[in-house]
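Open your viewer and get your selection tool ready. We will take this tour one stop at a time.

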Amino acid sequence: MASYPWTETSSVTTTTTVVATPDGDSDGACAADNNNTPMTKFITAKPPSYYRKPLRTVTQWLKGKRRDDDAEGLWRIHDSLYDLTEFIECHPGGSEWIRFTKGTDITEAFEVHHIGARPEQLLPRYYIRAARSPRNVRLTFHKDGFYKTLKRRVAEKLTTVNNQPAQTSELILDSLLCGSFVLACLALNWNSYLLAALAGLLVAWTMNCAHNFLHRKDNWRMMAFNLAFFSYREWRVSHALSHHLYPNSKLDLEISFFEPFLCWFPSAAGKNLFQRFGSWVYGPLIYTTMCLAEVGKRLLETILTRKNTFYADDAIPVLLPLAMWVSSNSDIFDVLKIWFVIVQVAGLVFGAIGLHAAHHHPDIVHSGDLIPADIDFGVYQLAAIIDRTDLKGSQFKVLVGFGDHCLHHLFPTLDHGILPQLYQVLFETCEEFQLEYREQHWLQAIVGQHQQLARIEPRVYVPWKKVK
Ligand code: HEM
């Protein structure tokens, strides 16, 4: 069995450890468990700077990360600093990934977005010097740790996998995209709110499916994500770099965007009774406003900062009403009315699917819960995710429902169609490291998400399997 710092630990006295936690300390480090494993409440040494801002945007997040990571205006990977300025335009994954992250620690981003050896071989060309301070993020990538071991095995497995399902993913996205336009036009021509709602459903599925493509090198299909006012460019930061790399932590914009309306962190100070239980009722209203809130927030940011956050591809949402208008004799008011319904339903479906996909349940780690201080990146992902059993086995369901979530977090650049072929490697590696891979049904996910909204008691997460 591979050596792993915690595999020999069989249990942790949960309540005692939590009570012993010094609340309000800057880094959340606290008493060790009864086996002297140092535990922590947070995956970062410093509380994220951006968190103090009322308007939490991707610009603020990157600004805060620049300040907290202390990468001296360069790019940090592990304990080294690199100057990637000349590499920005040559990066095979697209220039924006590198441009956006200047001045930050890109260790997690670098590790998860590359499975082969080539990127690591290129690094020495851009090396400047060793970093002066320790990393702010505590997640580790030990050579023989869980994530690096799994990644080596996945790289090997990828040489023999069947790539045909990746083409099926493209076909599914293309069909959903066409279907959205056809249904939207029919809804207008027949003045049918039912068809408009169905078009909204297809728009949400199209966006979910387009998410499969935004994690990769630049490609046109990722732009389908912009169909209802979302932005693939913003999501590459808020989702790919923030949520994916630091799920359920204070660095996860997909949590902080929703505060103070929906609060998943287990903290009595962070939410009152109304937020804990009222959110069960008003939560769906929040999802419904998601699309328009997204564009509203960016407009507000542009006005307040006087810095434009819009690009040409932000005009993509207009294509849908334009097609509806061109295909009918309706006046513009009727077009806008049906379009509004489509966008609202798309927001509702997108939110309902996304927020129940895999991350919110009392058994899932959220910032404030106790985790081992020296936690491997992959182990942390297992802690922050419970996969959905009901989405397994259907490529369509996986694509529209954010299925196979754990493997997707571990290897986001791989097509969702390929992921099922990697389960054997994942299970074997989990077994070897005595780690628990968890699954639940949709009903447990829905109930669990609401329980998590109400939860205020921190818990202790033990990543290894219980030893009987
Ligand atoms: C913020 C950090 C980075 C991110 C988010 C990132 C993201 C990506 C993405 C999304 C791809 C395309 C993967 C695909 O479609 O399969 C890619 C490919 C690639 N990246 Fe990066 N990248 C980062 C930094 C770097 C750095 C620092 C290097 C090397 C100096 C590098 C070298 C490469 C190479 C060589 C490829 C081609 C595919 C491969 O050989 O693995 N990247 N990257």
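What percentage of the 468 residues in the protein is buried? Buried residues make up 47%, where buried means that 20 or more other C-beta atoms lie within 10 Å of a residue's own, exposed means 12 or fewer, and partly exposed is in between, with C-beta atoms placed from the backbone. Please keep in mind that this is a predicted model, in which local features need pLDDT of at least 70 and side-chain atom pairs count only at pLDDT 80 or more, while totals for chains, interfaces and linings use all residues. Residues are numbered from 1 along each chain as its sequence is written.

**The whole chain.** Start with a cartoon view: there are 19 helices and 8 strands. These are DSSP runs numbered from the N terminus, helices being H or I with at least four residues and strands E with at least two. The C-alpha trace spans about 70 × 55 × 45 Å along its principal axes.

**The core.** Now select I342 and A346, the residues with the most contacts inside the largest nonpolar core, which has 118 residues. Such a core is a set of buried Ala, Val, Leu, Ile, Met, Phe, Trp, Tyr and Cys residues joined through C-beta atoms within 7 Å. Helix α8 (residues 193–214) gives the largest share of this core, 13 residues. Around A346, show G200, V203, A204, A228 and C291, which A346 touches when residues up to four places away in sequence are not counted; contact here means C-beta atoms, placed from the backbone, within 7 Å.

**The annotated domain.** Next, select residues 65–132, which an unreviewed UniProt entry annotates as "domain: Cytochrome b5 heme-binding". This stretch is 34% helix and 15% strand, and its end C-alpha atoms are 17 Å apart.

Two residues here deserve a click. D70, in the loop between α2 (58–69) and β3 (75–77), has a positive phi near 55 degrees without being a glycine. H78, in the loop between β3 and β4 (80–82), also has a positive phi, about 50 degrees, and is not a glycine.

**The ligand.** Which residues come nearest to the ligand? Of the 22 around it, they are G93, H113, R118, P119 and R216, a residue being near if its C-beta atom, placed from the backbone, lies within 6 Å. Colour α3 (95–100), α4 (107–113) and α5 (118–122) too: these elements give two or more residues to the shell.

**Last stop.** Finish at P260, in the loop between α10 (253–256) and α11 (273–288). A cis peptide bond joins E259 and P260, with omega about 5 degrees.

Terms used. Two residues are in contact if their C-beta atoms, placed from the backbone, lie within 7 Å. UniProt positions are given in the numbering used here, feature names are shortened, and annotations may be inferred rather than shown by experiment.
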